[in-house]
Amino acid sequence: MLDFEISEEQKMMVQSIGRFAQEKMRQVFREADEEEKVPDDLLQSGWDFGILSSAIPLQYGGFGEYSVLTGVLAFEELAYGDLAIALNLMTPSVFAVPIMLSGTDGQKQRYLPYCCSEHPPRLTAALTEPRIQFDPRCPETVAQRENGTYYLNGVKSLVPLALEAENFLVYANEGGMTQAFVLDRHSEGLAVLEKEKLMGIHALPMFRLKLEDCPVKPEQKLGGKSGIDFDEILNHSRVALAAAAVGVARAGYEYSREYAKNRIQFGEAVARRQSIAFMLAEMAIEIDAARLLVWEAAWKLDLGLKINQEATLMKYYVDRMVMKVADSAVQILGGYGYSREFPVELWLRNARGFASFDGLAMA
């Protein structure tokens, strides 16, 4: 049965990352958004928590304590500090987790030790494509095999940190199924294109990736001849992103709640007005409901269960929840909510992206 009591180690991790989010990330997140860059020392401090390396098996240099639930607990706290910084910090996971889930022994031996290094490795993944109603299960980027070599053709979008990445995990359609291929940045036919101009998460540089007759050896196909269970990988991504959405929503709720309690109009706190009080109550309910969906999905993944239906319903609910809560936070601040002097407008811009963020996080 589902146990809602997290372990002492998980509690300590949540407290530590929570302090980091409040005392470090919150001090620079507005500047990072404006300058579109996260300070290197902050990223290094976040990497030192060992969130990813702790999940990697011992034989590859990690601590061997892989838990999806632990991952979502960490993601919520990091996103509570700032979503763009959190995704920036955890970008290597979008490469490493699929390797752990589906990689051959040789692929694990070759790539996972990079994720246990002292400094953040330059690893990323390319899933999304620049087209309306993109379905990750039916990408237009294709992998065709000729004379023992795969050739990749297509364009990818929203590829985080692509300009500095040394290795890419690229998803492509092979015979009607989504497969993944490991490429290095010097691969023939691979080009990093222009930087994406986005509404939110400005501190996470994202780029388009063009693949033109890009040759890939069979051993670079993730999972080897048998390939991958893409639904499993997609579910791990959606659980991580949903946890991040809960963190963003919680940030907006707590900030607007404190604002309403301290903002005095006509001789009383704004929070005492019934319309505002009801709005805050509904925000709290939505966040708790979303968190329970995320925890249940993470728990089932840890048990090795198939959660395609649960992950789809969770994503639908959480994507709506985070937008609703972030928009309510802006409304509670009134005219100030639209001002860049207050953080709620940033949280609303970031929240809008969750509907198209598939593949940007992994737990």
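## Ground rules

The model is predicted, so local features need a pLDDT of at least 70, side-chain atom pairs count only at pLDDT 80 or more, and totals for chains, interfaces and linings use all residues. Residues are numbered from 1 along each chain as its sequence is written, and side-chain values use heavy atoms, with hydrogens and water left out.

Helices (H or I, at least four residues) and strands (E, at least two) are DSSP runs, numbered from the N terminus. Contact means heavy atoms within 4.5 Å. For exposure, buried means under 20% relative accessible area, exposed means over 50%, and partly exposed is in between (1.4 Å probe, protein chains only).

## H9 against H10

Start with helix H9 (residues 308-332) and helix H10 (residues 344-351): they pack at an angle of about 160°, with axes 9 Å apart. Therefore H9 is roughly antiparallel to H10. Axes here are lines fitted to C-alpha atoms, for helices over the stretch in contact, and angles run from 0 to 180 degrees between N-to-C directions. Angles over 145 degrees count as roughly antiparallel, under 35 as roughly parallel, 65 to 115 as roughly perpendicular, and the rest as oblique.

On the H9 side, the contact uses Val-322, Met-323, Ala-326, Asp-327, Ala-329 and Val-330, and these meet Val-344, Glu-345, Trp-347, Leu-348 and Ala-351 of H10. By class, that contact has 9 nonpolar residues, no polar ones and 2 charged. The classes are simple: Ala, Val, Leu, Ile, Met, Phe, Trp, Tyr, Cys and Pro count as nonpolar, Asp, Glu, Lys and Arg as charged, and the others, Gly among them, as polar.

## How H10 sits

H10 is largely enclosed by the rest of the structure, because 7 of its 8 residues are buried. Those buried residues are Val-344, Glu-345, Leu-346, Trp-347, Arg-349, Asn-350 and Ala-351. What do the buried residues of H10 pack against? Their partners are helix H1 (8-35), helix H4 (83-90), helix H7 (230-262) and H9.

Phe-342 counts as buried, at 18% relative accessibility. Setting aside residues up to four places away in sequence, Phe-342 touches Arg-30, Tyr-255, Leu-333 and Tyr-336.

Helix H3 (residues 68-81) and H7 cross at roughly 35°, and their axes come within 7 Å. Residues of H3 in this contact include Val-68, Val-72 and Phe-75, and among the H7 residues they meet are His-236, Val-239 and Ala-243. The contact of H3 with H7 has 12 nonpolar, 2 polar and 4 charged residues.

A nonpolar core is a set of buried Ala, Val, Leu, Ile, Met, Phe, Trp, Tyr and Cys residues joined through side-chain atoms within 4.5 Å. The largest one has 111 residues, and Val-72 and Val-239 have the most contacts inside it. H7 gives the most to this core, with 17 residues. Leaving out neighbours within four places in sequence, Val-72 is in contact with Val-239, Ala-243, Val-294, Trp-295, Ala-298 and Ala-363. Apart from this core lies another, of 18 residues, including Ala-126, Tyr-150, Val-170 and Val-216.

## Ser-237 in H7

Ser-237 lies in helix H7 and is buried, with a relative accessible area of 2%. Ser-237 and Asp-358 are 121 residues apart in sequence, yet 6.7 Å apart in space, C-alpha to C-alpha. Not counting residues up to four places away in sequence, Ser-237 touches Asp-358, Gly-359, Leu-360, Ala-361 and Met-362.

## Two positive phi values

Most residues other than glycine have a negative phi. Glu-36 has a positive phi near 60° and lies in the loop between H1 and helix H2 (40-47). With a relative accessible area of 34%, Glu-36 is partly exposed.

Ile-201 also has a positive phi, about 35°, although it is not a glycine. Ile-201 sits in the loop between strand S6 (190-195) and strand S7 (206-216). Is Ile-201 buried or exposed? Ile-201 counts as buried, at 2% relative accessibility.
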